Amino acid sequence: MAALAGRIKSERDGARLVVSLGGRWGIDEADRLDGELRRLAPGPAKAVSIDIAGVEALDTAAALVLYRARKRLRADGHAAEFARARPELSALLDLIEANDAPVECRAPREPPLRAIVAHVGRATIEALDNGLKMLSFFGLTMTTLARAAIRPWRIRGTALVGHMEQAGLDAVPIVALISFLIGVVLAYQGADQLAKFGAEIFVVNLVGISVLREIGILLTAIVIAGRSGSAFTAAIGSMKVREEIDAMRTLGLDPIEVLVLPRLLALIVTLPLLAFFADAMGLLGGGLMAWISLGIGPAQFIERLGDAVPMWSFWVGIIKAPVFAFLIAMVGCYEGFQVSGSAESVGRHTTKAVVEAIFLVIVVDAAFSILFAYLGV
Amino acid sequence: MAGSATAAIRVRGLRTRFGPQVVHDNLDLEVRYGEVLGVVGASGTGKSVLLRAVVGLMKPAAGSIEVLGHDISRLGAAERREIESRTGVLFQDGALFSSLTVAQNVQVPLREHTSLPQDVIDEITAVKLGMVGLPPEAACKYPSELSGGMRKRAGLARALALDPEIVCLDEPTAGLDPIGAAAFDGLVRRLQRTLGITVFMVTHDLDSLWAICDRIAVLAEKQVLVVGPMEVMLQHEHPWVRSYFHGPRARAQRSE
């Protein structure tokens, strides 16, 4: 740009200091001009006249700097005035004078000890409240489910199949890969330790029992919580933000029936299937590694598996699947309905849904372990 | 400055499309420095798409768009940032960042494009909020706590934060009550006069067209059908233009 940069010239005229400004006063130079204006030393001069006739262009930031300079001079006891301002310049300066109140957004500070106590209290009440609300949501879903069981044609078939595809079929590759790799790792690490006792063959027991009873289903549940639980929250949450859920209610549709039931049923059906698939892939990975590193061939592996691992181990894993599916779907949908207002809220509740679902899955898994130990299976 | 000194925005031979659907074909439009240009057109004629193309959010399939004398499709990153800091955009519902307060929203461009100290930034924020007519206590609120009209004002304050030379407004008065819409029109006019900005405005609001637009551009048939002041619109023979400017809603305007 050809125009000259903003400049400041000051000269003393008797008891008066005349500051003449020129050039373009813009936001990119506001900082430099501010510094120069601060260095103005009117000394004993009573009156300061700031001549702005030479200013070619003035934007808000630079005008603010000018206005602050005059305010400073006045506060120091000088009679400071702008002189020879063109109408548009004085309009801008007047606008700034009219809004001379910097924005202050600081919350009043509480004493630290009280703040901590208040925070703990608030968090506790929120957690209890959240638990209560989740419980009532579970109840509401169960009654809707019961109603749907009496009139099964109320269940939305298309949505159900769509969710089964998204949450189930589309998750097959990632579940397969993870289970396979965990099988490989288990067999490899186990072989290393068991070889010290010359008990390599027990790798089959190790892989078989741990994959079937725990790892197959637990990994699948965690992957699905991260993949589908979060998707449920985000989908329902965005609908909530855009008032689609309110629209449903006014049209006489039950959001639980339309949104929650298909997702819940889809997950309850597909998670056991995925868990079964994960079991197979885990055993495949373990078997492959046993063959490569220990020379236990496929035939020997299968024979040993049949001897060492009771059928119950498989059922112990699969029985847990629908329960985990229920938890993941419930938490995912519940958090979706808790979304309010903003896009940020969708993100916050999605994170909460995943963390809560994984936490609940692991807690319930521990409870199942105690139950099965008690039953002796 | 490179290029012509008379046009703030110059669109030549613009062609935009979504897949096979062509929105604009060989569209030409000029926005002069310091004017308020209103863009009207039936729904689906690509008013908002034109605005998105002008501010660089949508890449045209063909043609050129010059903003402040620079062809925006051929800019380097640094030049692009410079042009972006010299244009402001108000989206339909304000598009405020929901995780920030109103004051922080206004400060985003100031922090990003300048190195001003915080106290100066705070004061600029107060001035901008005052300019758009927001009360000081709105500064600390979050967008979700504001009414639609206030969100628009806050969005305008953010668009104006860097004293842009061009402001693009996407339906600024849509969804406001008539009093609020008239106040917003007055605000745009006042700001345009005091700050000398060029305004490119997409609108459906006949009141805005009468009150503040220097010229009006009508989009139809994938092109700009006619550009000119209101008198030209009233004389024009095209059926859509006739029914738009002589329809029942327009008649009430003229009788005033």
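Analyst: What follows is a guided look at a sheet and then at some helices.

This is a predicted model, so local features need pLDDT of at least 70 and side-chain atom pairs count only at pLDDT 80 or more, while totals for chains, interfaces and linings use all residues; side-chain values use heavy atoms, with hydrogens and water left out. Residues are numbered from 1 along each chain as its sequence is written, and chains are lettered from A and ligands numbered from 1 in the order in which they are written.

Let's begin with the sheet in chain B. The open sheet has 6 strands in the order E6-E7-E8-E3-E9-E10, with mixed pairing. Helices (H or I, at least four residues) and strands (E, at least two) are DSSP runs, numbered from the N terminus, and two strands pair if DSSP finds at least two bridges between them. E6 and E10 (223–228) of chain B are at the edges with a single partner strand each, so one side of each has no neighbour in the sheet. On average, neighbouring strands here are turned by 15° against each other, direction ignored.

Now look closely at E6(B), residues 87–90. In a regular strand the side chains alternate between the two faces of the sheet. Both faces of E6(B) are covered: Thr87(B) and Val89(B) on one side, and Gly88(B) and Leu90(B) on the other, are all buried (under 20% relative accessible area, with exposed over 50% and partly exposed in between, using a 1.4 Å probe and protein chains only). The partner of E6(B) is E7(B), residues 166–170, joined in the parallel sense over 4 bridges, and Val89(B) stands opposite Cys168(B) there. Val202(B) in E8(B) is the bridge partner of Asp170(B).

H5(B), residues 148–159, lies across E6 and E7 of chain B and runs at about 165° to E6(B); axes are lines fitted to C-alpha atoms, for helices over the stretch in contact, and angles run from 0 to 180 degrees between N-to-C directions.

Next comes H2(A), residues 60–75. Its 16 residues should span 22 Å at 1.5 Å a residue, and the end C-alpha atoms are 22 Å apart, which agrees; the expected span is 1.5 Å times one less than the number of residues. Of the 16 residues of H2(A), 12 are buried, including Thr60(A), Tyr67(A), Arg68(A) and Leu73(A). Those buried residues pack against E2, H1, E3, E4 and H3 of chain A together with H4 (118–131) of chain B, where contact means heavy atoms within 4.5 Å. After H2(A) comes Gly77(A), with a positive phi near 95°.

Finally, meet a helix pair. Two packed helices are described by the angle between their axes and the distance between the axes. H6(A) (172–194) and H9(A) (255–294) pack at an angle of about 35°, their axes 7 Å apart. Their contact has 17 nonpolar, 6 polar and no charged residues; here Ala, Val, Leu, Ile, Met, Phe, Trp, Tyr, Cys and Pro count as nonpolar, Asp, Glu, Lys and Arg as charged, and the others, Gly among them, as polar.

H9(A) also holds Pro262(A), which is buried with a relative accessible area of 1%. Pro262(A) and Leu160(A) are 102 residues apart in sequence, yet 4.5 Å apart in space, C-alpha to C-alpha.
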